[in-house]
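Please look over the sequence and the structure below with an eye to the aromatic side chains.

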Amino acid sequence: MLTATDDLDTLRHRVAALSARLSVLEDRTAIGDLIDRFSRDLDEFTAAGRPFDVGWVRRYFTEDARVAYPPGSAVGAGAIAKLIDGRGMAPFRRTHHVTTNYVVDLDGDRAGVRVNLTATHVLDDPPEARFTVGDYYDGELARTDEGWRFTHQALHVTWTDGRPPGSGTGGDRG
(Lines give C-alpha, C1' and ligand atoms only; values in the text may rest on other atoms or scores of the structure.)
Protein backbone atom coordinates (compact mmCIF):
# COMPACT_ATOMS: atom_id res chain seq x y z
CA MET A 1 0.00 0.00 0.00
CA LEU A 2 1.31 3.43 -0.89
CA THR A 3 1.42 6.20 1.68
CA ALA A 4 1.74 9.96 1.35
CA THR A 5 5.30 9.77 2.65
CA ASP A 6 6.61 7.33 -0.01
CA ASP A 7 9.34 8.95 -2.07
CA LEU A 8 9.87 8.50 -5.80
CA ASP A 9 12.61 5.86 -5.37
CA THR A 10 10.33 3.79 -3.12
CA LEU A 11 7.56 4.00 -5.71
CA ARG A 12 9.93 2.97 -8.50
CA HIS A 13 11.10 0.00 -6.44
CA ARG A 14 7.51 -1.09 -5.76
CA VAL A 15 6.52 -0.75 -9.42
CA ALA A 16 9.56 -2.81 -10.48
CA ALA A 17 8.70 -5.52 -7.93
CA LEU A 18 5.07 -5.64 -9.11
CA SER A 19 6.21 -5.75 -12.74
CA ALA A 20 8.49 -8.72 -12.00
CA ARG A 21 5.67 -10.57 -10.23
CA LEU A 22 3.32 -9.87 -13.14
CA SER A 23 5.91 -11.19 -15.60
CA VAL A 24 6.15 -14.48 -13.66
CA LEU A 25 2.35 -14.84 -13.71
CA GLU A 26 2.23 -14.11 -17.44
CA ASP A 27 4.92 -16.72 -18.13
CA ARG A 28 3.20 -19.37 -16.01
CA THR A 29 -0.11 -18.65 -17.75
CA ALA A 30 1.48 -18.83 -21.21
CA ILE A 31 3.17 -22.15 -20.41
CA GLY A 32 -0.07 -23.61 -19.01
CA ASP A 33 -1.89 -22.44 -22.15
CA LEU A 34 0.73 -24.12 -24.35
CA ILE A 35 0.28 -27.40 -22.46
CA ASP A 36 -3.53 -27.20 -22.67
CA ARG A 37 -3.50 -26.40 -26.40
CA PHE A 38 -1.04 -29.23 -27.08
CA SER A 39 -3.34 -31.76 -25.37
CA ARG A 40 -6.47 -30.34 -27.00
CA ASP A 41 -4.89 -30.43 -30.45
CA LEU A 42 -3.72 -34.03 -30.00
CA ASP A 43 -7.37 -34.95 -29.43
CA GLU A 44 -8.90 -32.74 -32.14
CA PHE A 45 -6.39 -33.62 -34.86
CA THR A 46 -6.77 -37.35 -34.10
CA ALA A 47 -10.59 -37.21 -34.23
CA ALA A 48 -10.52 -35.23 -37.48
CA GLY A 49 -7.88 -37.44 -39.09
CA ARG A 50 -5.67 -34.39 -39.68
CA PRO A 51 -1.92 -34.92 -40.05
CA PHE A 52 0.54 -33.92 -37.35
CA ASP A 53 2.86 -32.12 -39.77
CA VAL A 54 5.89 -29.90 -39.19
CA GLY A 55 3.66 -26.81 -38.99
CA TRP A 56 1.68 -28.42 -36.18
CA VAL A 57 4.88 -29.38 -34.33
CA ARG A 58 6.24 -25.82 -34.57
CA ARG A 59 3.23 -24.54 -32.62
CA TYR A 60 4.56 -26.40 -29.57
CA PHE A 61 8.25 -27.21 -30.10
CA THR A 62 11.42 -25.45 -31.17
CA GLU A 63 12.98 -26.49 -34.47
CA ASP A 64 15.68 -28.53 -32.70
CA ALA A 65 13.52 -29.98 -29.91
CA ARG A 66 13.98 -33.51 -28.55
CA VAL A 67 11.19 -35.87 -27.46
CA ALA A 68 11.15 -39.29 -25.83
CA TYR A 69 7.81 -41.12 -25.92
CA PRO A 70 6.99 -44.82 -25.42
CA PRO A 71 6.78 -45.44 -29.20
CA GLY A 72 10.15 -43.80 -29.81
CA SER A 73 12.38 -40.73 -29.65
CA ALA A 74 13.01 -37.95 -32.13
CA VAL A 75 15.12 -34.83 -32.57
CA GLY A 76 13.98 -31.90 -34.71
CA ALA A 77 10.56 -30.72 -35.87
CA GLY A 78 10.45 -32.98 -38.94
CA ALA A 79 11.35 -36.13 -37.00
CA ILE A 80 8.90 -35.24 -34.21
CA ALA A 81 6.11 -34.79 -36.77
CA LYS A 82 6.85 -38.23 -38.27
CA LEU A 83 6.92 -39.86 -34.83
CA ILE A 84 3.66 -38.30 -33.62
CA ASP A 85 1.84 -38.74 -36.93
CA GLY A 86 3.09 -42.28 -37.44
CA ARG A 87 3.78 -44.50 -34.47
CA GLY A 88 2.48 -41.97 -31.92
CA MET A 89 -1.11 -41.24 -32.89
CA ALA A 90 -1.88 -43.28 -36.04
CA PRO A 91 -3.25 -46.35 -34.19
CA PHE A 92 -5.99 -44.27 -32.54
CA ARG A 93 -9.42 -43.29 -33.78
CA ARG A 94 -9.99 -40.82 -30.94
CA THR A 95 -8.12 -39.70 -27.83
CA HIS A 96 -8.84 -37.75 -24.67
CA HIS A 97 -5.85 -36.19 -22.89
CA VAL A 98 -6.36 -34.69 -19.43
CA THR A 99 -3.38 -32.75 -18.06
CA THR A 100 -3.18 -31.64 -14.43
CA ASN A 101 -0.88 -30.50 -11.64
CA TYR A 102 1.56 -28.42 -13.68
CA VAL A 103 4.74 -27.65 -11.80
CA VAL A 104 6.57 -24.83 -13.59
CA ASP A 105 10.09 -23.78 -12.64
CA LEU A 106 10.97 -20.50 -14.34
CA ASP A 107 14.53 -19.38 -14.94
CA GLY A 108 14.50 -16.26 -17.11
CA ASP A 109 13.84 -17.27 -20.73
CA ARG A 110 13.94 -20.99 -19.85
CA ALA A 111 11.59 -23.16 -17.83
CA GLY A 112 11.15 -26.70 -16.63
CA VAL A 113 7.76 -28.39 -16.22
CA ARG A 114 6.29 -31.56 -14.88
CA VAL A 115 2.74 -32.35 -15.97
CA ASN A 116 0.51 -35.24 -14.93
CA LEU A 117 -1.49 -36.82 -17.74
CA THR A 118 -4.27 -39.34 -18.07
CA ALA A 119 -4.97 -40.26 -21.68
CA THR A 120 -7.69 -42.51 -23.04
CA HIS A 121 -7.18 -43.84 -26.55
CA VAL A 122 -9.88 -45.45 -28.72
CA LEU A 123 -8.15 -47.91 -31.03
CA ASP A 124 -8.77 -48.65 -34.69
CA ASP A 125 -7.80 -52.29 -34.20
CA PRO A 126 -9.66 -53.89 -32.61
CA PRO A 127 -12.42 -51.36 -33.33
CA GLU A 128 -13.49 -49.24 -30.36
CA ALA A 129 -11.15 -50.98 -27.90
CA ARG A 130 -9.73 -48.61 -25.30
CA PHE A 131 -6.24 -48.16 -23.97
CA THR A 132 -5.80 -45.77 -21.05
CA VAL A 133 -2.52 -44.60 -19.63
CA GLY A 134 -1.62 -42.63 -16.53
CA ASP A 135 1.68 -40.91 -16.94
CA TYR A 136 3.56 -37.67 -16.58
CA TYR A 137 5.93 -35.73 -18.72
CA ASP A 138 8.94 -33.69 -17.90
CA GLY A 139 9.69 -30.84 -20.21
CA GLU A 140 12.09 -28.03 -20.84
CA LEU A 141 10.90 -24.86 -22.55
CA ALA A 142 12.41 -21.73 -24.03
CA ARG A 143 10.91 -18.33 -24.70
CA THR A 144 11.01 -17.70 -28.45
CA ASP A 145 9.78 -14.89 -30.70
CA GLU A 146 6.57 -16.93 -31.11
CA GLY A 147 6.15 -17.51 -27.36
CA TRP A 148 7.09 -20.44 -25.10
CA ARG A 149 8.01 -23.68 -26.90
CA PHE A 150 9.20 -27.08 -25.73
CA THR A 151 12.88 -27.82 -26.30
CA HIS A 152 12.57 -31.24 -24.68
CA GLN A 153 9.67 -33.45 -23.64
CA ALA A 154 9.88 -36.93 -22.08
CA LEU A 155 6.81 -39.04 -21.30
CA HIS A 156 7.00 -41.47 -18.36
CA VAL A 157 4.33 -44.17 -18.05
CA THR A 158 3.05 -44.80 -14.52
CA TRP A 159 0.20 -47.25 -15.24
CA THR A 160 -1.87 -48.63 -18.11
CA ASP A 161 -5.28 -50.20 -18.52
CA GLY A 162 -6.25 -52.11 -21.64
CA ARG A 163 -4.17 -53.33 -24.53
CA PRO A 164 -1.63 -51.03 -26.12
CA PRO A 165 -1.74 -50.86 -29.92
CA GLY A 166 0.00 -53.77 -31.58
CA SER A 167 0.14 -55.89 -28.45
CA GLY A 168 -1.55 -59.19 -28.12
CA THR A 169 -1.49 -58.95 -24.34
CA GLY A 170 -3.39 -56.99 -21.74
CA GLY A 171 -2.20 -53.91 -19.94
CA ASP A 172 -3.08 -53.35 -16.28
CA ARG A 173 0.41 -52.29 -15.27
CA GLY A 174 0.20 -50.52 -12.07
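What follows is a walk through the aromatic contacts.

This is a predicted model, in which local features need pLDDT of at least 70 and side-chain atom pairs count only at pLDDT 80 or more, while totals for chains, interfaces and linings use all residues. Residues are numbered from 1 along each chain as its sequence is written, and side-chain values use heavy atoms, with hydrogens and water left out.

A search of the whole structure finds 10 aromatic pairs, where rings of Phe, Tyr and Trp (its six-membered ring) pair if their centres lie within 6.5 Å, with planes under 30 degrees apart counted as stacked, over 60 as edge-to-face and the rest as tilted. One of them is the tilted pair of Phe 38 and Trp 56, with 5.7 Å centre to centre and 40° between the planes. Phe 38 belongs to helix α1 (residues 8-48) and Trp 56 to helix α2 (residues 54-58), so that the pair links distant parts of the chain, 18 residues apart; helices (H or I, at least four residues) and strands (E, at least two) are DSSP runs, numbered from the N terminus. Both Phe 38 and Trp 56 are buried, meaning under 20% relative accessible area, as against exposed over 50% and partly exposed in between (1.4 Å probe, protein chains only).

Tyr 137 and Phe 150 form an edge-to-face pair, 6.0 Å centre to centre and with 65° between the planes. Because Tyr 137 lies in strand β5 (residues 130-144) and Phe 150 in strand β6 (residues 147-162), this pair ties together parts that are 13 residues apart in sequence. Tyr 137 counts as buried at 4% relative accessibility, and Phe 150 counts as buried at 0%.Arg 50 has its charged end over the ring of Phe 45, 3.9 Å from the centre (NZ of Lys or CZ of Arg within 6 Å of the ring centre and within 35 degrees of the ring normal).
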